[in-house]
Amino acid sequence: MVVIGGDAAEMTAASRVRREQPEHEIVVFERGKHASYSACGMPYRIGGQVESEEDLIARKPEVFREKQHIDVRIRHEVTEIDPKNKRVKVKNKITIPTLIMHGKKDKICSFDLAEQMKASILNSHLVVFEKSGHSLFLEETEKFNRELIKFAETQKKA
Ligand SMILES: Cc1cc2nc3c(=O)[nH]c(=O)nc-3n(C[C@H](O)[C@H](O)[C@H](O)COP(=O)(O)OP(=O)(O)OC[C@H]3O[C@@H](n4cnc5c(N)ncnc54)[C@H](O)[C@@H]3O)c2cc1C
């Protein structure tokens, strides 16, 4: 089943189908950067009662994936629906194997961004550098080179 959109109605539908038909493959395409967020809570975020955007997110894509086996793909926009052939066209996204390397202590780009990237790039692999910040290639040079070579070698074999 393909679900277009990943907010309240769409994730409710996907979850319902998952409960009733556990064997079905379910893929959700959400063009935004979050799934299952509280649109109703936005005024509270603007008004300052809710501290961060993150507090409006009920469930992250990885939780849907792990707990309900629903494949939520954020930053994927459906541009065409072909009901006759049961196909949808999804706006061009990165599909080539992609290595994402992220320093856990990065204060410029938060770890959440790395997780979001991992969730939105289908064929991606995330390597976390626990001891590094933004300049992980300087902070953990050996590990950086090792991971890069390992990834390149894997691609050569594939
Ligand atoms: C300020 C505010 C206050 C609200 N207060 C209440 C309230 O008090 N009580 C209440 O019951 N409801 C309230 N609502 C409404 C409630 O949030 C909506 O009912 C709910 O968001 C509807 O969810 P939905 O999934 O149907 O649609 P939407 O929230 O519109 O979600 C649609 C999703 O589909 C995605 N999408 C659209 N087109 C595409 C595409 N082509 N490809 C991929 N993805 C796509 C969008 O990015 C979006 O995430 C409020 C809404 C707002 C904005």
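Leaving aside neighbours within four places in sequence, Ala14 is in contact with Val3, Ile26, Val28 and Ile70. Two residues are in contact if their C-beta atoms, placed from the backbone, lie within 7 Å. This is a predicted model: local features need pLDDT of at least 70, side-chain atom pairs count only at pLDDT 80 or more, and totals for chains, interfaces and linings use all residues. Residues are numbered from 1 along each chain as its sequence is written.

**Overall layout**

- The protein has six helices and seven strands. Helices (H or I, at least four residues) and strands (E, at least two) are DSSP runs, numbered from the N terminus.
- From the N terminus on, the order of elements is β-α-β-α-α-β-β-β-β-α-β-α-α.
- The C-alpha trace spans about 50 × 45 × 30 Å along its principal axes.
- Of the 158 residues in the protein, 15% are buried. A residue is buried if 20 or more other C-beta atoms lie within 10 Å of its own, exposed if 12 or fewer, and partly exposed in between; the C-beta atoms are placed from the backbone.
- Take the contacts with a separation of 6 or more: residues 24 or more positions apart account for 58% of them.

**The nonpolar core**

- The largest nonpolar core has nine residues: Val3, Met11, Ala14, Val28, Phe29, Ala35, Phe64, Ile70 and Val72. A nonpolar core is a set of buried Ala, Val, Leu, Ile, Met, Phe, Trp, Tyr and Cys residues joined through C-beta atoms within 7 Å.
- Helix 1, strand 2 and strand 3 each give two or more residues to this core.
- In soluble globular proteins, nonpolar side chains tend to be buried together.

**Around the ligand**

- There are 17 residues around the ligand, and Gly5, Asp7, Ala9, Ala39 and Cys40 come nearest. A residue is near a molecule if its C-beta atom, placed from the backbone, lies within 6 Å of it.
- Helix 1 (8–20), strand 2 (26–30) and helix 2 (42–47) each give two or more residues to this shell.
- Helix 1 gives the largest share, three residues.
- The shell divides into nine nonpolar, three polar and five charged residues. Ala, Val, Leu, Ile, Met, Phe, Trp, Tyr, Cys and Pro count as nonpolar, Asp, Glu, Lys and Arg as charged, and the others, Gly among them, as polar.

**Two domains**

- The protein is divided into domain 1 (2–90) and domain 2 (98–157). These bounds come from an automatic or database domain assignment.
- The centres of the two domains, taken over C-alpha atoms, are 26 Å apart.
- Seven residues of domain 1 are in contact with five residues of domain 2.
- On the domain 1 side, helix 3 (61–68) and strand 3 (70–74) each give two or more residues.
- That side of domain 1 divides into two nonpolar, one polar and four charged residues.

- Strand 4 has five residues and the number buried is zero, so it lies largely in the open.
- Ile81 is in strand 4 (residues 78–82). Ile81 counts as exposed because it has 12 C-beta neighbours inside 10 Å.
- Ile81 and Cys40 are 41 residues apart in sequence and 28 Å apart in space, C-alpha to C-alpha.
- Strand 4 pairs with strand 5 (residues 87–90) in the antiparallel sense, over four bridges. Two strands pair if DSSP finds at least two bridges between them.
- Val78 stands opposite Val90 in strand 5.
- The hairpin of strand 4 and strand 5 has four residues between the strands, and Lys86 takes a positive phi near 55 degrees there.

**Positive phi in loops**

- Most residues other than glycine have a negative phi.
- His69 has a positive phi, near 55 degrees. His69 lies in the loop between helix 3 and strand 3, and is partly exposed, with 13 other C-beta atoms within 10 Å.
- Arg75 also has a positive phi, near 60 degrees. Arg75 sits in the loop between strand 3 and strand 4, and is partly exposed, with 18 other C-beta atoms within 10 Å.

**A residue in helix 6**

- Ala152 is found in helix 6 (residues 141–157). Ala152 counts as exposed because it has 10 C-beta neighbours inside 10 Å.
- Ala152 and Tyr37 are 115 residues apart in sequence and 37 Å apart in space, C-alpha to C-alpha.
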